[in-house]
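Here is a brief report on one protein chain.

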Amino acid sequence: MKKVDINIEEGNIEEYVEEGLFSDAIDTLNLHVERKKAVADRLRYSVLYLLYEHDKLPREELVQATGKESNALHHHLRELLNNNLIAEVPTSAEEDGRKSYYRITKLGAQEIEADIQNIASAESE
């Protein structure tokens, strides 16, 4: 096997990626990987996609759509919130203030849009 010189010090591949991909970004390799972990769950990805298609949804509609109890869904919503993929939305004066509403964030939308683009381009090949 021929050795390829890629100018990476032994054991520094993560530093190489950090500098090459994230040096001019507000993101980091760790944050990016954590976001990917959050959407690697089928239920969380499905919630993210549903919020992509709608401006905002109340928690009770997410509970109904997922078929999960509110407490069981809480863990998944928290993971998406902690990774800035969704946001909790304040209720307006006309809405019931006891309800929690969620919307997709710009980062969350970018995740879904990248997948839509990748799937569409793969189908056209």
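## Sheet, helix and pocket

Ile-86 faces Ile-104, a residue of strand 3. The model is predicted. Strand 2 and strand 3 run antiparallel and are joined by four bridges.

Strand 3 has another partner. Over residues 101–104, strand 3 also pairs with strand 1, again in the antiparallel sense, through two bridges. Within that pairing, Leu-57 stands opposite Tyr-102. Pro-58 has Tyr-101 as its bridge partner.

Together the three strands make an open sheet in the order 1-3-2, with antiparallel pairing. Strand 1 (57–58) and strand 2 (86–89) each have a single partner strand, so they stand at the edges and one side of each lacks a neighbour in the sheet. Strands in a sheet pair through backbone hydrogen bonds, in either a parallel or an antiparallel way.

| Residue | Opposite residue in strand 3 |
|---|---|
| Leu-57 | Tyr-102 |
| Ile-86 | Ile-104 |

What lies across strand 2 and strand 3? Helix 5, residues 70–82, does, and the helix runs at about 105 degrees to strand 2.

Along the sequence, the pattern reads α-α-α-β-α-α-β-β-α.

How does the radius of gyration of the protein chain stand against that of a compact globule of 125 residues? The chain has 19 Å, whereas such a globule would have a value near 14 Å. Along the principal axes, the C-alpha atoms fill a box of roughly 65 × 35 × 25 Å.

Now the pocket. Rolling a probe the size of a water molecule over the atoms shows where empty space is left. The largest pocket has a volume of about 200 Å³. Its lining includes Ala-25, Ile-26, Asp-27, Leu-31, Glu-34 and Arg-35. Asn-82, Asn-83, Asn-84 and Leu-107 also line the largest pocket. Helix 2 (residues 29–39) gives the largest share of this lining, three residues. By type, the lining of the largest pocket divides into four nonpolar, three polar and three charged residues.

Conventions
Residues numbered from 1 in each chain as written. Predicted model: local features only at pLDDT ≥ 70, side-chain atom pairs only at ≥ 80, totals over all residues. Heavy atoms only, no water. Pairing = 2+ DSSP bridges. Contact = heavy atoms within 4.5 Å. Axes fitted to C-alpha atoms, helices over the stretch in contact; angles between N-to-C directions. 1 Å grid on protein atoms, 1.4 Å probe; cavity = no way out; pocket = protein on both sides within 12 Å on 5 of 7 lines; lining within 4 Å. Points joined across faces, edges and corners; volume = space filled by probe spheres on them. Nonpolar A, V, L, I, M, F, W, Y, C, P; charged D, E, K, R; others polar. Rg over C-alpha atoms; globule rule 2.2 N^0.38 Å.
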